[in-house]
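Here are my notes on this model, as numbered points. Please read them with the structure open.

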Amino acid sequence: MNDGNTVLGSKGQRQSPSTGDCAVRIEGVVREFGSVKAVDGLSLALAPGEIMGFLGTNGAGKTTTIKMIIGLLRPSAGKVSVFGGDPSDPAVRARVGYMPEVATYYPYLNARELLAFYGGICGLDVKLVKARTDELLESVGLSEAAKRPLKTYSKGMLQRAGIAQALLNDPDLLVLDEPFTGLDPLARIHFRELLRSLREKGKAVFFSSHELGETELLCDRVAIMKHGHCVYQGAVKDLAGDGGSNLERLFLKTLEEAK
């Protein structure tokens with residue numbers, strides 16, 4: 001188990017980064033909505049070159065936490081920092097890519113127009129956006145459908161378009177809310193390889209998911225939430241592959257013991 005302040009690099013070595021060295025640091029965070037504590041006393045840290053899975057049942061506080069990381073919500077108490085700064089700072093946000101669980105796009109745009117639109121919103125150079133568009137659409141498997149209106153896309157294709165959008169600014173931190181939803185098996189494999197390549201480049205990836213198998217295959221560490229509390233943090237390598245302990249068993253056991 002981990003206290004949230006010790007992190008693991010992509011090779012599994014233990015590190016204790018300072019706030020400035022962390023991609024994300026969350027310290028004693030509480031987020032209240034009226035009398036409800038959606039997040040209660042959460043602490044964790046994410047290092048560059050690390051992939052972290054954020055798990056829990058519906059209503060556990062995962063999306064609320066993600067919104068605080070990307071600066072859409074502020075904590076009621078405690079502190080969230082991203083690359084040592086305020087998540088709402090434009091200079092910090094420029095280093096972050098985000099894909100929500102459910103994204104709504106203009107249906108008459110095609111994938112190329114979608115990325116051009118978001119590139120303009122982010123103030124990215126037009127030539128850079130065009131170059132990144134070709135690369136990203138190829139990497140998510142949408143090159144052949146790039147000129148089709150988004151209204152003709154399947155759910156999985158829209159998910160892949162969202163992944164491309166989140167990567168458009170070449171972020172140092174990628175935050176994803178349920179990224180595997182709607183992806184077919186081949187798309188999942190390609191997406192897994194894409195995230196691993198980002199880790200090798202020193203990027204940090206933080207994603208929520210109900211897909212325990214994908215999380216176990218991909219992540220360096222996991223955190224499990226229940227009713228706003230973090231009830232487990234640990235390294236995936238410590239629980240996988242021995243035939244007796246895996247993420248699914250840990251998840252069920254942890255939630256049961258946290259009653």
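1. Terms come before the points on individual residues. Buried means under 20% relative accessible area, exposed means over 50%, and partly exposed lies in between (1.4 Å probe, protein chains only).

2. Basis. This is a predicted model, in which local features need pLDDT of at least 70, side-chain atom pairs count only at pLDDT 80 or more, and totals for chains, interfaces and linings use all residues. Residues are numbered from 1 along each chain as its sequence is written, and side-chain values use heavy atoms, with hydrogens and water left out.

3. Overall. The protein chain has eight helices and 11 strands. These are DSSP runs numbered from the N terminus (helices: H or I, at least four residues; strands: E, at least two). Of the 259 residues, 50% are buried.

4. Helix α8 (residues 247-257). Its buried residues are L247, L250, F251, T254 and L255. The face turned away from the buried side carries the exposed residues L252 and E257.

5. K253 pairs with E257, with the closest N and O atoms 2.8 Å apart. The criterion is a side-chain nitrogen of Lys or Arg within 4 Å of a carboxyl oxygen of Asp or Glu. Both residues lie in α8, four residues apart, about one turn of the helix. K253 is partly exposed at 48% relative accessible area; E257 is exposed at 56%.

6. Salt bridges elsewhere. The whole structure has 12 salt bridges. D170 and K203 meet at 3.3 Å, N to O. D170 lies in the loop between α5 (155-167) and β8 (173-177), and K203 in the loop between α6 (185-200) and β9 (204-208), so the pair ties together parts 33 residues apart in sequence. D170 is partly exposed at 42% relative accessibility, whereas K203 is buried at 10%. R192 and E214 meet at 2.9 Å, N to O. R192 is in helix α6 and E214 in helix α7, 22 residues apart. R192 and E214 are both buried.
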